[in-house]
Amino acid sequence: MKCTKEHRLSYNARAEEIVKGLTLEEKVFLMSGRISLEEMVKGMKEDPNKHYNYIPYPAGGIDEKGIPAMKFCDGPRGVVCGVGQSTCFPVTMARGATFDVELEERVGRAIGKEIRAWGGNLFGGVCINLPYNPGWGRSQETYGEESFHLGQMGSALVRGVQAENVIACVKHYAFNSMEISRFKVDVDADKRTEREVYLPHFKDCIDAGAASVMSAYNLYKGVHCGHSDYLLNQVLKGEWDFDGFVISDFIWGILDTADAANGGMDIEMCATIHFGDKLVKAVRDGLVPEEKIDEAAVRIIRTLLAFTEADDKEYDMSLVGCDEHIALARECAEKGITLLQNTDNVLPLNKNKLNQILVLGELADKGVIGDYGSSRVFPKYIVTPLQGITDVVPNNVEVVYYSGEDLEHARKLAGQADAVVFVVGYDHDDEGEYVSEDQTDAYTGGIGGDRVNSLGLHQHEIDLIKAVGPVNKNSVAVLIGGNMIMMTEWKDDVSGILMAYYPGMEGGTALANIIFGDVNPSGKLPYVVPYKEEDLPQVEWDTTEQFYEYYHGYAKLEREGVEPLLPYGFGLSYTTFEVKDAKFNTDGQSVTAQCTVTNTGGRAGAEVVQMYVGFSNSKVHRPVKILRGFARVELEAGESKDVTISCPVEKLRWYNEETNAWELEKMEYEVYIGTSSADRDLLQGKVTIS
């Protein structure tokens with residue numbers, strides 16, 4: 001049975017009856033995490049296998065009252081629990097590059113099954129924060145820069161996870177896109193920016209049925225998000241009619257008992273610091289109405305009962321890291337890896353005509369699966385890029401590996417090789433979830449952070465590419481990282497460029513399959529790549545205040561008339577596609593774009609067809625155009641398919657700050673359909689909404 005919102009609400013009367021029979025202490029216990037910081041740290045120090053979330057973390061639960069505990073499992077690249085067992089999928093940014101909602105739903109189902117096998121019932125890994133600037137260290141955990149895309153992909157993950165009767169928890173609500181300052185920064189934005197840019201994807205996931213939300217560490221407009229009556233009570237539970245429960249981000253997610261409880265926090269995770277006895281006292285002292293406790297208890301009980309009793313399946317540990325899930329992880333990597341440059345069709349390399357291939361770069365021989373923060377998964381193995389290449393080529397092909405310290409030696413090796421593959425970019429030391437020095441006991445040392453100094457490669461990697469790339473025309477750079485990497489300085493020194501993101505446990509295999517043509521690349525950039533970092537919004541990464549402007553990413557560049565190096569939605573293939581016969585119409589309820597896509601090349605491939613809507617006739621400031629639909633299309637060589645993409649007209653509305661309401665402009669809209677956000681890749685038409 002699928003645990004829909006309607007199904008969950010059907011438990012309301014039963015939950016209310018249970019709450020009537022509970023003491024205040026019992027109700028507050030349901031709102032309390034049961035793993036203390038001290039217990040976490042002690043376990044980690046005694047046994048390295050007892051890492052963060054090595055078992056599901058419980059909250060609440062009263063067996064004698066028939067109330068199940070909430071059992072939290074983190075993500076989003078797989079289940080964090082255990083060591084050498086869970087499937088490690090590519091990071092969310094890599095999965096965002098697939099533009100494949102059906103694939104993401106399958107990922108959700110696989111993760112849901114593994115959580116159930118671990119004994120958990122909540123997945124804390126639906127991360128849909130929007131990076132204001134790609135330097136955010138944790139942006140690897142989200143799908144990209146575009147709110148509409150975030151909402152579509154996040155909703156798919158929600159549906160998949162909850163199809164296995166696991167509660168999907170959407171995070172971090174809201175405005176969380178800075179690491180170094182995440183515990184102290186007060187984010188501000190005008191109301192239009194809030195409603196049109198930073199909240200829509202959260203609402204999309206709530207509308208998709210998400211049954212839990214995690215608040216963010218940061219402040220918004222002077223109030224901690226975990227205390228925010230505006231965000232939690234007024235918007236989430238009020239305007240959006242959210243029926244589930246809210247949990248705090250861990251340990252430091254709430255800082256005051258009464259403010260959090262009155263502000264709409266339902267469960268303090270993962271330890272009880274400000275709730276528990278302090279919350280009981282706050283109620284008895286009149287600081288928190290007991291009705292607030294009752295409301296939280298009802299939300300928790302009805303949700304947990306609905307998911308528990310909807311279950312009609314058996315799950316065991318044979319599902320964890322099973323062959324089917326590992327194959328799915330490889331499929332995600334193959335569909336997400338993005339071909340950015342292919343001068344003279346250097347790719348794919350013909351492995352049957354190679355005598356020697358040179359692999360350069362320290363990252364080639366590392367298991368690069370992402371940061372070492374709360375999203376870290378511990379799979380049974382990781383295929384490195386070097387191992388993947390070595391495993392795929394015939395035995396008679398010599399694979400030479402060199403880290404690249406001595407440029408002259410690297411140049412000499414490149415001159416002797418038939419092809420050169422650079423593997424460059426970032427690892428967990430360069431970007432990721434941040435823990436400050438005074439909080440390092442929560443993990444095992446200070447980790448992660450934002451890309452403070454540069455959005456480009458390390459200088460030694462730039463030097464390596466510029467010195468060695470021109471020596472061999474069959475040179476390919478593979479980029480590893482969680483978000484956009486600047487390429488302007490060195491892109492002309494290599495023939496091919498692939499963005500691999502953090503490609504998961506099977507990443508090396510997927511990468512080799514693409515390099516040698518066993519798989520045709522089909523990923524699309526879920527962000528824009530500028531010529532200059534200055535073209536992007538500027539952020540002070542270590543700060544107590546940050547204002548988010550209305551424009552960011554490709555919308556900012558288009559609005560300012562700045563040409564990008566690579567547009568949003570861009571990605572090459574080993575075949576070619578033609579988009580023609582575009583038609584555009586509206587019935588007043590939705591806007592529809594249709595076209596015919598033909599594979600005009602010599603091999604099978606996939607194209608991501610994208611629909612954008614433009615606002616040149618608007619009487620208020622609006623983007624030049626914004627993404628409002630996409631469809632992934634698989635085509636055999638020579639095959640044609642008709643594609644139809646629709647968008648509800650409500651997704652074209654703007655938020656009027658004066659009336660505090662959404663408004664639809666009655667006017668002529670531009671509608672585009674094609675293969676990236678660049679005008680050259682789009683066919684254009686117009687529709688009138690009257």
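This is a predicted model: local features need pLDDT of at least 70, side-chain atom pairs count only at pLDDT 80 or more; totals for chains, interfaces and linings use all residues.
Helix α4, which comprises residues 37-46, has M40, V41, G43 and M44 as buried residues. These residues lie on the same side of α4, because they cover an arc of only 160° around the axis. On the other side of the helix, E38, K45 and E46 are exposed. Strand β1 (57-59) is included in what covers the buried residues of α4.

Strand β16, formed by residues 475-480, is largely enclosed by the rest of the structure, since six of its six residues are buried. In a regular strand the side chains alternate between the two faces of the sheet. Both faces of β16 are covered, with S475, A477 and L479 buried on one side and V476, V478 and I480 buried on the other. Strand β16 runs parallel to strand β13 (residues 419-425), to which six bridges join it, and within this pairing I480 of β16 is the bridge partner of G425. Four bridges also join β16 to strand β17 (residues 496-499), again in a parallel arrangement, where V476 has G496 of β17 as its bridge partner.

A separate description applies to an open sheet of four strands, which are arranged in the order β8-β7-β5-β18 with mixed pairing. The edge strands are β8 (223-224) and β18 (545-547), each of which pairs on one side only. Strands β5 (residues 186-188) and β7 (residues 219-220) run parallel and are joined by two bridges, and L219 in β7 is the bridge partner of D186.

Residue N165 is found in the loop between α7 (147-163) and β4 (167-173). Because its relative accessibility is 3%, N165 counts as buried. The side chain of N165 reaches the backbone oxygen of A310 at 3.4 Å. When its neighbours within four places in sequence are left aside, N165 is in contact with M1, K2, C3, R116, F307, A310, D311 and D312.

The largest pocket holds about 1,000 Å³ of space. Its lining consists of 44 residues, and of these F148, P200, D204, R628 and K651 lie nearest the centre of the pocket. Two or more lining residues are given by each of the elements α6 (101-118), α7, α8 (191-198), α9 (200-207), α19 (553-559), β22 (625-635) and β23 (640-648).

Notes. Residues are numbered from 1 along each chain as its sequence is written. Side-chain values use heavy atoms; hydrogens and water are left out. Two strands pair if DSSP finds at least two bridges between them. Buried means under 20% relative accessible area, exposed over 50%, partly exposed in between (1.4 Å probe, protein chains only). The arc is that of the directions from the helix axis to the C-beta atoms. Contact means heavy atoms within 4.5 Å. A polar contact is a pair of N or O atoms within 3.5 Å; within protein, one must be able to donate a hydrogen and the other to accept it, and residues adjacent in sequence count only if both atoms are side-chain atoms. On a 1 Å grid over the protein atoms alone, a cavity is a set of points where a 1.4 Å probe fits but cannot get out, and a pocket is an open set with protein on both sides within 12 Å along at least five of seven lines; lining residues have an atom within 4 Å of a point. Grid points are joined across faces, edges and corners, and a volume is the space filled by probe spheres set on the points.
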